[in-house]
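Please find below a colleague's note, meant for someone opening this entry for the first time.

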Amino acid sequence: MSRLAVLTTLAALLTLACAPDEGTPVRVDEETIRPDAPPLAPFTECTVTTAREPATSAAHETVCAEIDYPFHPPASGRHYSQWADFGTYDAPVPWGFLVHSLEHGAIVLAYRCEPDDCDTLVAELQAIADARVDPLCRTGDTPSRFVIVPDPTLDVAIAAVAWEHVYLATCLDLESLQAFVDAHYAQAPEDLCAAGVDRSATGWCE
């Protein structure tokens, strides 16, 4: 083997050794602010954290197969071959469907709330979704690419998630939440508004 061939092979091996493992995203550019907004129960302080989660994979998995996301909620990574239809849900949706919705440019607005606070919180999130009219969605049943969904496993009250970007808040700070939506809506590899699936009537994975 020539000297050049040896050097080329060594360089290729070094590249592989230093490359991140596919399917194991990391979160970077994390920033936390403390807006002047009342915290939502059970939290005692208003904090808003944003971060970026560069995608290392966008592979399709069998619907309802187990996917071990390193972060919750996930903002990128492997996902199911079907995506959740845009709209508002009364019960949790598996994140394998939601991550595929993110890949299509959607914003997922997930929330965890005390029973007495849920109606007001959901109404505020719904108003954000209703205010945006997406020209790509004119032929569908919803005017924009939002998924509003409860998630009792969140560590925060509100999680807004876009492809490769996440917003985590213990309060409803409309200014920062709207800024996140404006910056990341429809900013994904597949910019389309095709209808997805809604398995909520029978159970998403039953």
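The points below cover the basis of the note, then a strand, a helix and a loop residue.

1. This is a predicted model, in which local features need pLDDT of at least 70 and side-chain atom pairs count only at pLDDT 80 or more, while totals for chains, interfaces and linings use all residues. Residues are numbered from 1 along each chain as its sequence is written, and side-chain values use heavy atoms, with hydrogens and water left out.

2. Strands here are DSSP runs of E with at least two residues, and helices are runs of H or I with at least four, numbered from the N terminus.

3. Strand 6 runs parallel to strand 7, with five bridges joining them, and antiparallel to strand 8, with four bridges. Y111 stands opposite P150 in strand 7, whereas V108 stands opposite V161 in strand 8.

4. In helix 3 (residues 118-130), C118, L121, V122, L125, I128 and A129 are buried. They cover an arc of only 115 degrees around the axis (taken from the directions from the helix axis to the C-beta atoms), which puts them on the same side of helix 3. On the other side, D119 and T120 are exposed (over 50%).

5. R27 lies in the loop between helix 1 and strand 1, and its side chain makes a polar contact of 3.0 Å with that of E53 (a pair of N or O atoms within 3.5 Å, one able to donate a hydrogen and the other to accept it; residues adjacent in sequence count only if both atoms are side-chain atoms).

Methods: Expected span 1.5 Å × (residues − 1). Buried < 20%, exposed > 50% of the residue type's maximum accessible area, 1.4 Å probe, protein only. Pairing = 2+ DSSP bridges.
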